[in-house]
Structure formats: structure tokens, C-alpha cells
Amino acid sequence: MNSVYVSYNNIVSSLGFDSPTVVKNVADGVSGISRIADKNISPQAFYASTIPTETLSGAFESLNTNGSFTRLEQMMLVSLEKVIKASGLALDERVGLIISTTKGNIDALETNNPFPKKRAYLSELGTLIKNFFGFKTEAIVLSNACVSGILAVGVAKRFINQGKFDHVFIVSGDLVTEFIVSGFNSFQALSNKPCKPYCKYRDGINIGEVAASVLVTSEKNNLAAEAVQILGDASCNDANHISGPSRTGEGLYRSVISALDEAGVRPNEIDYISAHGTATPFNDEMEAIAFNRLGLSEVPLNSLKGYFGHTLGASGLLETIVGMHSLQQNKLFSSLGFEELGVSQPLNIITGTRAQELNVFLKTASGFGGCNTAIIFQKIKR
Amino acid sequence: MLKTNKFIQSYSHIRNNTVSKNGTLLFENASEAFPDFIKAAYNALDTGYPKFFKMDNLSKLAFLAADVLLKEIPSATNKEQNIAIVLSNRASSLDTDRKHQASIANKEDYFPSPAVFVYTLPNICIGEISIKHRLFSENSFFIFDRFSAEHLADYTNGLFLNNKAEKVIGGWVDFDTDTYEAFLYLVSDKGSIPHNKKEINRLYRL
């Protein structure tokens, strides 16, 4: 099988509109989470990471386009445009497009939303993005809860491996909406302060919004400086509960085993884990159990939710991009919000951004429906 | 593009108030709306899984269409099998999304429910199937504006080529305001129908 790489990338987020700016903010310990009092989203004030509307409008205007676009569409178009441009690729029939999202334009269902309700259909979003850039192939929309963004990387890799495409662009995005905030609030899953993944004092998640884009490619020439090779990937179900994580971390455990197996990598060769770490009591405990079963308890690990909140279907792709820059810079980023270990098994939480030689990293994510995904990435030797 | 030599071992349809397997009618109830129809089908097919009644419409549809295929495999109930699930539809979870949105539309009458919210993701139905049949396997949910045999066939082949599954359940499960349709098929080493785009399209239209 061909080697497959994740190359050019972009993040549109509360911490900036391009990957280097965003990663610099992460390295500096800046969080995009703030207290938001907006009765249109929630009766009570809440903590979330949101993109400033004026900045987004300004960035979108620079695309010089006509027509009206939703907030999420603007975020995704701004993000993907930069990656397509950086890649220099012509969008021919060998180039695929994957859109990954949990809820897409779900705000179109709101009574006062100016867009037609049919905008909430995810295939509409796919077609819009495809036509905007002139992709020759059908948009593939992937909606698999909170693993959507990282699963899309695995899906792209498989399509390239089997010869369907030579290159695949992925754009992933989700919004902070009344729909999402009220839903997680009904689960009593929202923290009323900035979230604290793996910490003894954690008490829930913050929602965040982001659009993230990457190019996945088999072409080794013309890679971005921070490009990584995909060594192995897997996605396994817990077969346990639709909203509660498995008590044994079964699906996550199996996902990592299968990804390691494909990669031909031993657990002790993993230099860094970019974990899911939502900061709910059950999720973080589940991950600690799975990583201990895997013999990964001593590998430096962080959750980036303290910087961006939980950006739902986009989180896995966002965190993969930050991980790529982490490898390139040989720098481990602090797991923001963490004070004292609050899971029953040992984990090596990164408690201060520091330099370290890095070669291989593991990205994991888990979501409702019992889904889990693990991908192993390696720095490209030049 | 790389191909695999697999077969469609069995397939099921739920549509127009009928449930069928391999083209043979298993249940029909022409007079009922979907909630009553699917409940009657659950009873008639001797499903015996009370969690079914907590599911939303999309999950009930997908669960029953998959159960028809999986309960014929004796070992699926007692020995673990690596059967991946690759589903697709047009309306995602919009039927339940609208219910959740309705529960928060009025600030004076605000009643979001976790039991509804959890079903506002299309892949929850894959979780329901996985729990019942103990499938710790690959799963993914794709959205298209119409049935895409090509995408399903390609992705399924990719799972086999990457050694990620021994068998795959693929298909289409769509539930929208006034319409529903399920077509699922089991791909394995056994059977007489070749697994390819043409045959998937033929069976879908049966």
C-alpha cells in the first residue's frame, strides 16, 4: 500500500484563523474559552469557545463571493480555501472531498434563523462546498458523532490506499448553538467554569466551535513542513451504551490495538498521546482505564479541550493538526486546566509546555453511539 | 481501483409498511403509521429486545432491518464476530433533531430531554445494533442526497482491503417527516450474489 500523509492544514477558531497563529496561542497557554451570556443560546450564562463574528465576516469577505452563507459555511469555506490554495492542486477527478460534522447547519431549524430549514440537510452543506470550489467528485459527508473529524482522516487514507483518490481534502466544522448547549445541559454535562480534563476538580465540558481543514495525500513531493505520515488507524465500537462510555474502555482499547497492529508500532514507541479528554467524570476515567490496559500510562498525554472546548465533530481533526505542529516543533503542549490527577489509573498529563524530541503520536477520540477512533501519525524523515 | 472477491450473503428491506428478507415478505401491515407499523413488525418478528421501545424512529428502523440479517447468524449472539457497519441516509437524524428543537423553541415551555437529545446523531442507530449483537467493530455513517451504491461498495471494499472487518453490513436507513426506507445487506465470503455496485443497486430497487 502507498504511504499516505496529512499535509497542508488550517484552523479557524477562537484562537486564530490559521494553524501557526492558533498553535502559537496554544504554546503560550492562551485559552479561547470565555463566559458567554447570550439568551439566544442558553437561559443561563455558560462557558464556551466561540469565534468572533466580526473577524469571521472580515475573513469571509476576503473570499470575494456573492450569495448568502451560514455561519458554519463561512467558517468551513474560509478554512478550506486556504488549504486548497496552499496545496496548489487542481481539483480533478482524482481529488476527493470529505465533509465531517456532527450537526452541520443545525441552527437553520431555529424559528428566527433567516436561512431555509432545508439548509439543515447535511447533503446541502456538502453540495454547497463542492460547488463553491468546483470539486469534480461528489462530496462525501461523514457524521459519526464526536469521532467524525478524526475518522475522516482514516476514511481518506483508506480511499487513497485502495486507489479511489490520490488526494482528499477534509473540512470539518461544528457550531456553538442553542441546540447543542441545551442538549448537553439536559445531560448535566456542562461545566460552569473552564473545563479541567483529567483533573480531580473536573465537572464537565465546555462546547466550542471551529472549522478545521487538511489535505490527505499520497504525493510525497510538495508536502507541508509539518506533514505527517498516517501509520495506522482503526475505529471500534464499545457495544455497551449509546451515551455512556464503556467502563473498561473496550472500544478505545481495541481501536488503539488495531491501529498499532497496522502501524507496526509498539506502545513504547509512542512519544505523545493527543487524547479526547472532554472533562466529564466518566469519559476521562474511561480513557485512563483504556490507556492503562494498553501500557500507555507513562506516555505524555494532553487534552486540548481547555483551549478550544469540545468542538464536537471537528475536535479530532483540530487536535490532529495541533499534534502535527507539536511534532514539527518538538514541543509538548500543556494540558490546560489540569491541576491534580482525578482518574483512578495513572496518566502522564503534560503540565507545562516543554521541548521534547517527538517522532510518533497517537490521536484518539470517543463519542456517543459507543464510537471510538485511534490514528497513529509519524513525523516524516527528511 | 483495488477490488475484493466478496458476496452479498443476505439483504433486507423495510419500506411501504413491509419487512422483507432476501426479497421474501416477512411482515406486512398496510394500515398503520410508522410507529405502530414498526412496533407490530417487532412483535411479529419475535425480536424480544425491550430496549427497542426507547429508540427513536431512525434507530428502530435500522435496528430491525439489521436484526433480520444478524439473528440468522447463530454465532452472532454468542461468539464475537468482526462485522463492520457502514450506513448512509439523506436526512441524518433530522426527525429527532426537530423534536429536540421543538422542546427548546419556547422559552416559557423549555423542556430539553437527554432521552431525545442522545438520538440527535445518525450513528446512534449503529450503537444500538452493536450493543444488541455485541459488535465491537468498525462503524461509520455517511450522508448523501440519494442512495449511493458506489460509495457503499468502495468503502466496504476498503474495510476488507485494510483487514478491518471479516463481514460488513452496509446500506441505507432514512427516516424523514413522512417517509422511511431501510435497505441493508450483509457482505461476506459466502453467497451467490457478487458484491459490487451493480448488484447493490439491483437489490436496492427490488
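Reply: In this predicted model, helix H2 (residues 57-70) of chain B packs against helix H6 (residues 124-133) of chain B. Their axes are 9 Å apart and the angle between them is about 40 degrees. An angle under 35 degrees would count as roughly parallel, and 65 to 115 as roughly perpendicular; H2(B) and H6(B) are therefore oblique to each other. The crossing of H2(B) with H6(B) is right-handed.

On the side of H2(B), the contact is made by Leu58(B), Ser59(B), Ala62(B), Phe63(B), Ala66(B), Asp67(B) and Leu70(B). They meet Ile124(B), Cys125(B), Glu128(B), Ile129(B), Lys132(B) and His133(B) in H6(B). Sorted by kind, the residues of this contact are eight nonpolar, two polar and three charged.

Next comes strand E5 (residues 139-143) of chain B. Is this strand enclosed or open? Five of its five residues are buried, so E5(B) is largely enclosed by the rest of the structure. Asn139(B), Phe141(B) and Ile143(B) point one way from the strand, while Ser140(B) and Phe142(B) point the other way. The residues of both groups are buried.

E5(B) has pairings with a strand of chain B and a strand of chain A. Within chain B, strand E4 (residues 83-89) runs parallel to E5(B), and five bridges join them. In this pairing, Val86(B) stands opposite Ser140(B).

Elsewhere in chain B, one loop residue deserves a note on its backbone. Asn17(B) lies in the loop between strand E1 (7-15) and strand E2 (18-21) of chain B. Its phi is near 60 degrees, a positive value in a residue other than glycine. With a relative accessible area of 12%, Asn17(B) is buried.

Ala239(A) is not a glycine, yet its phi is positive, at about 50 degrees. The loop that holds Ala239(A) runs between strand E9 (228-237) and helix H7 (250-263) of chain A. Ala239(A) is buried too, with a relative accessible area of 8%.

Key. Residues numbered from 1 in each chain as written. Chains lettered and ligands numbered in written order. Predicted model: local features only at pLDDT ≥ 70, side-chain atom pairs only at ≥ 80, totals over all residues. Heavy atoms only, no water. Axes fitted to C-alpha atoms, helices over the stretch in contact; angles between N-to-C directions. Helix = DSSP H or I, 4+ residues; strand = E, 2+ residues; numbered from the N terminus. Parallel < 35°, antiparallel > 145°, perpendicular 65-115°, else oblique. Left-handed = near helix turned anticlockwise from the far one by under 90°. Contact = heavy atoms within 4.5 Å. Nonpolar A, V, L, I, M, F, W, Y, C, P; charged D, E, K, R; others polar. Buried < 20%, exposed > 50% of the residue type's maximum accessible area, 1.4 Å probe, protein only. Pairing = 2+ DSSP bridges.
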